[in-house]
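Here is a short report on one protein chain.

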Amino acid sequence: MHRPPRAGGGEVTAPSGSVQHLSENYGTNAEHATAASRMPTVAEIQIPLAIDTPYSYVVPHGMTVEAGDVVQVPLGPRETVGVVWTVAETVGGSNLRPVTGVLDVPRLGATLRGLVDWIARYTLAPRGSALAMVLRLPDEAAGTEVARVAVKTSGKPPARPTAARAKVLAIAADGELRGKSALAKEAGVSLSVVDGLIDDGALETVAVAPEPVAPEPDPDHPRVPLSAIQAEAAAALAASLGEATETGAAKPVLLEGVTGSGKTEVYFEAVAACLREGRQALILMPEIALTAQFLDRFAGRFGVRPAAWHSGIGGRRRERLRAAVASGEAKVVVGARSALFLPFPRLGLIVVDEEHETAYKQEDGVHYHARDMAVVRGRLEGCPVVLASATPSIESRVNAARGRYGHLVLPERFGGRRLPDIAAIDMRRDPPVKGSFISPPLVNAVKHTLEKGEQALLFLNRRGYAPLTLCRACGHRYQCRNCSTWLVEHRFRRALVCHQCGYTERRPEACTECGAFDHLTPCGPGVERIAEEAAGLFPDKRIIVLSSDFPGGGERLRQELEAVAAGECDLVIGTQLVAKGHNFPFLTLVGVLDADIGLTSGDPRAAERTFQLLQQVTGRAGRGDKPGRALVQTYQPEHPVIAALLSGDAERFYAEEIAAREAAGLPPFGRLAALIVSGTDRAAAEAYGQALAREADPPAGVMVLGPAEAPLALIRGRHRLRLLVKTERNVDLQSYLREWFARAPKPRGNVKLTIDVDPQSFL
């Protein structure tokens, strides 16, 4: 018997109204006495907590459970929920605690249970922690979904007619039900005019049923014809779908195409083929909150928007969508990485858009990469996985070269449009004037572009106004009190902010160290400072700043991205979020203000990430009817990454980077695991890190480096040390780590050990 521990504060409890309890229908005392002589059924039940092994519970006579059922069980002094992993009749079991109820929620299928097992084995996370990502229970606190309210004319004239009221009533006279905001917007009046008509009785409100969470996409909806190259790639994906249907297995496919080549339209045809077979499709995206343009493109191809799954959807609507997926009603889901764990019963296709994006790596809790787990789920489901990108990851490129992945290439932009011409501005020869950050050649190029009525983009991958604020009188630098990072000045908010933990303090007027006034100096630029400089250079132009930390969140960003796409601004200033697949048809010039910003770190993926980011952002130019160009400010135009970008020879970059990785034995030619030891007491964290290292005993083909202070040595008040495990490709990294941890001492107090297999961040 596995003896359950006492339940802690993180347990999951079952909603009381959704479970059939043991005391309700499971027989009389006489029946239980008869049942006592029978061989009991024992269920191994996995609890969604940080527990690696399932616990044994007896299944009472009269209750039937199957693998995958979500059940209620006692854990310590409380009731919690778990998932039945296996069921078997066995001798004994009289001392086991009973299952107390079965929840009325969709069963966790064999594929999802297999995915949980795979993630736990690969990441070394407890199986219960992996299960917690998959298991979602109804949230009673969410209440009922709020009904939509529409308005219509009542036939009664208003007591006080006005011109604005007449416009509203004229539009409402067609009898169509509209929301208040939609009616006000269509009439060009304020919302108060509509409210006044409701109060006056001229309009009446009507409750409208909630919108369907999953309208049916039409795979044969009229669409724009594909080019010959696109049609060939789409046919190859359709063939992969057919192979999966016939054999129950399919090789993942890397869909690589230059920016603007129409990769989305190609994999849309694979989605259409999947729908015609009566199966479901999942499209993963790195930034689901910024995908309104994508959802519109989907609606243009299939007639309706897909079901969207992300953290912004909550309450009963989230439950309705999950139920629609489980029932097969939701045919296509577009979602963030958590959508990978939805209970699809007939999953026929997985698409990972922008597969190179680091946003697919979860950096807290269970450290998994959604791209890699999508490939695993595709293998378990027997369905094809499409990895789409203009700048594929080195790992995907190598897998394609080795034949593990299929490889489809779209080498040209759709409609015969040219790729942008890219040139460097050598900052050693053409530096900006003192106190500014935009070089004269770039200023002139932006001015010329705006004079032609075209859009320009200035790109700097640094949020805020300045990354550091110091006092010129005493040299004091403003640092986060919880982290070993400088506070970033956000002038629009008049605040100094830590981008690691979120700590914020008011920007002082005088130095808090020496008291000197007017001596605080911002060092370096962020996008807010560039916006200030651009406003001085182009005072009569409409400027939009796109940064993820501006007030308004995802909705504000969505509106501003739509404004850029519609040509409602002249100059865009943005961080890396502008590089993520957006289509700005009026944008003809991209200026990269600091191309060297990502090349100075010790991250082994620094060159790859910088190349991907610069290639993506320069690819925003010239996607409409007019040709585009990009100017790149750099102090090292001879650097291999910059040289490859300028020459347009991506193949040369990939060849050199792959060769360098292979020579160094780095992924995908070797394997890495990062071990982070952290604690509020630095001495205790260091002592545990040293004790852990002493037990490493690496065999042949394994190297253990550290412990050493992490580049970000203090985050949220916790001191951090880092060990790095590097192995040859054929070494079973997970088995070695398990054996090491079995003989090593366990962390004590608040010292914590975090394991990250295949790390993406080296900070």
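## Helix α5

In this predicted model, helix α5 spans residues 163-172. Arg165, Val168, Ile171 and Ala172 are its buried residues. They sit on the same side of α5, because they cover an arc of only 130 degrees around the axis.

The face turned away from that buried side carries Ala163 and Ala170. Both of these alanines are exposed.

## His369

His369 lies in a loop. That loop runs between β13 (347-353) and α12 (370-381). Is His369 buried or exposed? Its relative accessibility is 7%, so His369 counts as buried; the cut-off for buried is under 20%.

Which residues does His369 contact, leaving aside neighbours within four places in sequence? They are Glu357, Tyr360, Lys361 and Gln760.

## Overall fold

The protein chain has 21 helices and 30 strands. Its radius of gyration is 29 Å, close to the 27 Å that the globule rule gives for 763 residues, so the chain is as compact as a globular protein of that length. Along the principal axes, the C-alpha atoms fill a box of roughly 90 × 80 × 65 Å.

Of the 763 residues, 51% are buried. Among contacts with a separation of 6 or more, 75% join residues 24 or more positions apart.

## Surface and charge

The protein chain exposes about 33,600 Å². Carbon and sulfur atoms supply 51% of that area.

There are 88 positive and 87 negative charges. Their mean positions are 2 Å apart.

Technical notes:
Residues are numbered from 1 along each chain as its sequence is written. This is a predicted model: local features need pLDDT of at least 70, side-chain atom pairs count only at pLDDT 80 or more; totals for chains, interfaces and linings use all residues. Side-chain values use heavy atoms; hydrogens and water are left out. Helices (H or I, at least four residues) and strands (E, at least two) are DSSP runs, numbered from the N terminus. Buried means under 20% relative accessible area, exposed over 50%, partly exposed in between (1.4 Å probe, protein chains only). Contact means heavy atoms within 4.5 Å. The arc is that of the directions from the helix axis to the C-beta atoms. The radius of gyration is taken over C-alpha atoms; the globule rule is 2.2 Å times the number of residues to the power 0.38. Accessible areas come from the Shrake-Rupley method with a 1.4 Å probe; for residues, only the protein chains shown count as cover. Lys and Arg count as positive and Asp and Glu as negative; His and the chain ends are not counted. The place of a charge is taken as NZ of Lys, CZ of Arg, CG of Asp or CD of Glu.
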